[in-house]
Amino acid sequence: FAGSERGGQRAAAMYSLIGTAKLNGIDPQAWLADVIARISDMPVSRLHELLPWEWDGATQHVKAA
């Protein structure tokens, strides 16, 4: 259904991320968007803050438009 083995692996990774977010009671789209926006500027020592079970949607990073 994924078109190729590699496509299946990518789909499985995304389903895992989405499922983990849902299990932690957060909106997967909001969480992934926030993580993608913040991960490149975040120090390694604070990456744990982006994990779904530690993520706080109220403190989402907002980029200036």
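Biologist: At what angle do α1 and helix α2 pack?
Modeller: This is a predicted model; local features need pLDDT of at least 70, side-chain atom pairs count only at pLDDT 80 or more, and totals for chains, interfaces and linings use all residues. Residues are numbered from 1 along each chain as its sequence is written, and side-chain values use heavy atoms, without hydrogens and water. The axes of α1 and α2 (residues 28-38) lie 9 Å apart. Axes are lines fitted to C-alpha atoms over the stretch in contact, with angles from 0 to 180 degrees between N-to-C directions; the angle here is about 115 degrees.

Biologist: Is α1 roughly parallel or roughly perpendicular to α2?
Modeller: Angles of 65 to 115 degrees count as roughly perpendicular. So α1 is, relative to α2, roughly perpendicular.

Biologist: Which residues of α2 make the contact?
Modeller: Contact means heavy atoms within 4.5 Å. From α1 come Met-14, Leu-17, Ile-18, Ala-21 and Lys-22. Their partners on α2 are Pro-28, Trp-31 and Leu-32.

Biologist: Which residue with positive phi follows α1?
Modeller: Its phi is near 75 degrees. The residue is Gly-25.

Conventions. Helix = DSSP H or I, 4+ residues; strand = E, 2+ residues; numbered from the N terminus. Parallel < 35°, antiparallel > 145°, perpendicular 65-115°, else oblique.
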